Amino acid sequence: PLVLGIETSCDETGIGIVRGTTLLANTIASSMEQHARYGGVVPEVAARAHLEALRPTLDAALAEAGVTLAELDAIAVTSGPGLAGALMVGVGAAKALALALGIPLYAVNHLVGHVGADLLHAPDEPAEPLALPTVALLVSGGHTSLLLVRDLANDVELLGETIDDAAGEAFDKVARLLGLPYPGGPQIDRAAASGDPTAIRFPRGLTAPKDLVRHRDDFSFSGLKTAVARWVEAARDRGEGVSVPDVAASFRESVADVLTAKAIAACQRLGVPRLLLGGGVVANARVRELAQERADAAGITLRIPPLSLCTDNGAMIAALGARLIAEGHEPSALDFGADSTLPVTTIQA
Ligand code: ATP
Ligand code: MG
Ligand code: FE
């Protein structure tokens, strides 16, 4: 089926068009620059930006795919989790389009959409079935979640998640205290390239034996952020210069270490030899490198979709919609709403 996907859960207005698992268009408008001076996504600003960007982004996606609205078979939209006001823009637009076109609408889970990204291939590439079960590590500005996906349409289990800051949020906050601009992830990554990752031993959150009892698959980055702040403060108090590259590299090492160690440990414990990465933090050079190194050592197949499909996008939402249709699921009733805390186990609202 030809499916249009609409994603507005955070600061990206994403419109994707797929035919089954074939990616035809993936158009994105981001309001990131508008949030830069606040150091983080401002919900009201994001919602307004979605409203303005939706129509032009939709037109651009249709042009890219070379299809018209009349040809669409179905629409899929992110109904949660995410920012309530931002989600509402996409949900409202999706309902209006589905009603006007008389086609079915699938309200889907944003996080499961990130897993759906791995279904997609370019028109000139062969289709490759999504190998299941898989463990999925989703790391972005708003989420740090470890999932066990047995069936994309029916069976997704939350193994663990952050108990405080998301991984991307930690990058953004640490960048800020180092005087680097928003978004901080790419800035820290760049600075870290010329730094020494062993210069400072920052804490590894929730990896102590006592934490592994209660929080085996959970993450925590707020203690790490505080440790970096204290370290920088103490160095300045002593009148010493702070090496931004060394702090960035040491901080990045801690995040990459914890993320990959916990994800690989979950694969091993569950006997699942596959790990899928998703979310904007997947752009991080050290996270990718360490994930590959540890997956290879453990005999685990690592899947990382292209970055344009790892960050928030509409194509992954369309792909999940197409999968639900292929597996015979009924469309969503049109009375669903945006749900900012939609649990990952609710794949379709
Ligand atoms: P959501 O959490 O709802 O998916 P989001 O907009 O926060 O939404 P993304 O757009 O996928 O998520 O990711 C943005 C986050 O990724 C930001 O926190 C950013 O700092 C981080 N990021 C981007 N590039 C890198 C990088 N190279 N290293 C580390 N973090 C990065
Ligand atoms: Mg974003
Ligand atoms: Fe996301």
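Reader: How many bridges join β2 to strand β3 (residues 22-30)?
Author: The model is predicted: local features need pLDDT of at least 70, side-chain atom pairs count only at pLDDT 80 or more, and totals for chains, interfaces and linings use all residues. Residues are numbered from 1 along each chain as its sequence is written, while chains are lettered from A and ligands numbered from 1 in the order in which they are written. Helices (H or I, at least four residues) and strands (E, at least two) are DSSP runs, numbered from the N terminus, and two strands pair if DSSP finds at least two bridges between them. β2 and β3 run antiparallel, and their bridges number eight.

Reader: Which residue in the turn between β2 and β3 has a positive phi?
Author: Gly16 stands opposite Asn26 in β3. β2 and β3 form a hairpin, with two residues between them. The phi is about 65°, and the residue is Gly20.

Reader: Which residue of β2 is the bridge partner of Glu7?
Author: Strand β1 (residues 2-7) runs antiparallel to β2, with six bridges joining them. They also form a hairpin, with four residues between them. Glu7 is partnered by Gly14.

Reader: Which residue in β5 is the bridge partner of Gly80?
Author: Strand β4 (residues 74-80) pairs with β5 in the parallel sense. Five bridges link them. Gly80 has as its partner Asn109.

Reader: What is Val18 in contact with, leaving aside its neighbours within four places in sequence?
Author: Two residues are in contact if their C-beta atoms, placed from the backbone, lie within 7 Å. On that rule, Val18 is in contact with Val3, Leu23, Leu24, Leu120, Ala315, Ala318, Ala319 and Ala322.

Reader: What order do the strands take in the sheet with β6 and β7?
Author: Strand β6 (residues 134-139) and strand β7 (residues 144-151) pair antiparallel over six bridges. Leu137 stands opposite Leu146 in β7. Their sheet is open, with five strands and mixed pairing, in the order β8-β7-β6-β9-β10.

Reader: Why is helix α6 (residues 184-192) largely enclosed, and how many of its residues are buried?
Author: Its buried residues include Gly184, Ile188 and Ala192. They pack against α5 (167-177), α9 and α10 (285-298). Helix α6 is largely enclosed by the rest of the structure because, of its nine residues, the buried ones number seven.

Reader: At what angle do the axes of α5 and α6 cross?
Author: Axes are lines fitted to C-alpha atoms, for helices over the stretch in contact, and angles run from 0 to 180 degrees between N-to-C directions. Under 35 degrees counts as roughly parallel, over 145 as roughly antiparallel, 65 to 115 as roughly perpendicular and the rest as oblique. α5 and α6 are therefore roughly perpendicular to each other. Their axes come within 7 Å and cross at roughly 70°.

Reader: Is the crossing of α2 and α3 left-handed or right-handed?
Author: Helix α2 (residues 43-65) and helix α3 (residues 84-101) pack at an angle of about 20°, with axes 7 Å apart. They are therefore roughly parallel to each other. A crossing is left-handed if the near helix is turned anticlockwise from the far one by less than a right angle, and right-handed if clockwise. The crossing of α2 and α3 is right-handed.

Terms used
A residue is buried if 20 or more other C-beta atoms lie within 10 Å of its own, exposed if 12 or fewer, and partly exposed in between; C-beta atoms are placed from the backbone.
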